[in-house]
Amino acid sequence: MPQLVGLEFLLKLGSGLALLAAPLTLIKLLGLAPAGSAFWPRLLGAVLVGLAIATYMDASARLGHGLGLAGSMVINFTVSLALGAGLIMGQGAPTWRGRIVVGGAAAALFLLALIEIAYI
């Protein structure tokens, strides 16, 4: 289980920091739908960094009042369904590269959620 929590922490922190640092560049690089401004991508980045910190708090033996593996599983499952629904409805990824990135992220988060279910 510690490896899954560590993976959760690294994925959320890395993607959150990338969105905070260069949201519009990251959107173009991944081939995603353009954002009107950097506000919403940066807000998502801040949420992801917060989730990473909560995950770290849960992994810490002394604190233990963070998000938890069950919370991470629910978030991963929900996000994978939202990404998949966006692909089905043709929203969010106007390029092939974007559809591959979004589809891959949806599949990876769904698989991670299934693995986390086994450890809850």
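**View 1. Where α2 meets α5.** The axes of α2 and α5 come within 7 Å and cross at roughly 100 degrees, so the two helices are roughly perpendicular to each other (65 to 115 degrees counts as that). On the α2 side, K28, L29 and L30 make the contact, with R97, G98 and V101 on α5; contact means heavy atoms within 4.5 Å. By class, that's 3 nonpolar, 1 polar and 2 charged residues. This is a predicted model, where local features need pLDDT of at least 70 and side-chain atom pairs count only at pLDDT 80 or more, while totals for chains, interfaces and linings use all residues. Residues are numbered from 1 along each chain as its sequence is written, and side-chain values use heavy atoms, leaving out hydrogens and water.

**View 2. Where α1 meets α4.** Here the axes come within 11 Å and cross at roughly 50 degrees. L4, V5, E8 and K12 of α1 touch L69, S72 and N76 of α4. Sorted by class, the residues of this contact are 3 nonpolar, 2 polar and 2 charged.

**View 3. The largest pocket.** About 1100 Å³ of space lies in this pocket (an open set of points on a 1 Å grid, where a 1.4 Å probe fits, with protein on both sides within 12 Å along at least five of seven lines). Its lining (residues with an atom within 4 Å of a point) has 31 residues, with L44, L48, V79, L83 and A105 nearest the centre. The elements giving two or more residues to that lining are α1 (2-21), α2 (23-30), α3 (39-59), α4 (68-88) and α5 (96-119). The lining holds 24 nonpolar, 5 polar and 2 charged residues.

Notes:
Grid points are joined across faces, edges and corners, and a volume is the space filled by probe spheres set on the points. Helices (H or I, at least four residues) and strands (E, at least two) are DSSP runs, numbered from the N terminus. Ala, Val, Leu, Ile, Met, Phe, Trp, Tyr, Cys and Pro count as nonpolar, Asp, Glu, Lys and Arg as charged, and the others, Gly among them, as polar. Axes are lines fitted to C-alpha atoms, for helices over the stretch in contact, and angles run from 0 to 180 degrees between N-to-C directions. Angles under 35 degrees count as roughly parallel, over 145 as roughly antiparallel, 65 to 115 as roughly perpendicular and the rest as oblique.
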